[in-house]
Amino acid sequence: MNDRPGDGSEKEPRADGMTVVSYLLGGLAFWGGVGWLADWAFGFTTLFLPIGLILGLVGAIYLIVTQYGRS
């Protein structure tokens with residue numbers, strides 16, 4: 001059992017399919033919801049919802065690439 005830091009047993013985070021899909025759906029749901037709330041609060045019909053969806057998708061892809069794209 002070599003679980004101490006510095007002994008070469010550090011494990012790289014593994015990307016499985018469910019984690020990647022959950023990041024994508026979570027980003028879309030959260031930022032899409034924020035966009036929908038902004039539309040509702042400011043009286044727009046479809047201004048902030050697409051912006052929030054795009055922001056959530058881009059943020060999720062960035063998170064996946066920075067976390068799992070180094071291998």
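**Helix packing.** I began with the axes of H1 and H2, which come within 7 Å and cross at roughly 155°. That makes H1 roughly antiparallel to H2 (angles over 145 degrees count as such). I noted that H1 passes H2 in a right-handed crossing. Sorting the residues of this contact gave me 18 nonpolar, 7 polar and 1 charged.

**Ground rules.** This is a predicted model, where local features need pLDDT of at least 70 and side-chain atom pairs count only at pLDDT 80 or more, while totals for chains, interfaces and linings use all residues. Residues are numbered from 1 along each chain as its sequence is written, and side-chain values use heavy atoms, leaving out hydrogens and water.

**Aromatic rings.** I found 4 aromatic pairs in the structure (ring centres within 6.5 Å; planes under 30 degrees apart are stacked, over 60 edge-to-face, the rest tilted). One of them is stacked: Tyr23 and Tyr68, at 6.5 Å centre to centre with 25° between the planes. Tyr23 sits in helix H1 (residues 17–42) and Tyr68 in helix H2 (residues 48–68), so this pair ties together parts that are 45 residues apart in sequence. Next I checked accessibility: Tyr23 is partly exposed at 25%, whereas Tyr68 is buried at 16% (buried is under 20% relative accessible area, exposed over 50%, partly exposed in between, with a 1.4 Å probe and protein chains only).

**A phenylalanine group.** Phe44 and Phe48 pair edge-to-face, 5.7 Å centre to centre and 75° between the planes. Phe44, at 43% relative accessibility, is partly exposed, and Phe48, at 26%, is also partly exposed. Together with Phe42, they form one aromatic cluster.

Terms used. Rings of Phe, Tyr and Trp (its six-membered ring) pair if their centres lie within 6.5 Å; planes under 30 degrees apart count as stacked, over 60 as edge-to-face and the rest as tilted. Helices (H or I, at least four residues) and strands (E, at least two) are DSSP runs, numbered from the N terminus. Axes are lines fitted to C-alpha atoms, for helices over the stretch in contact, and angles run from 0 to 180 degrees between N-to-C directions. Angles under 35 degrees count as roughly parallel, over 145 as roughly antiparallel, 65 to 115 as roughly perpendicular and the rest as oblique. A crossing is left-handed if the near helix is turned anticlockwise from the far one by less than a right angle, and right-handed if clockwise. Ala, Val, Leu, Ile, Met, Phe, Trp, Tyr, Cys and Pro count as nonpolar, Asp, Glu, Lys and Arg as charged, and the others, Gly among them, as polar.
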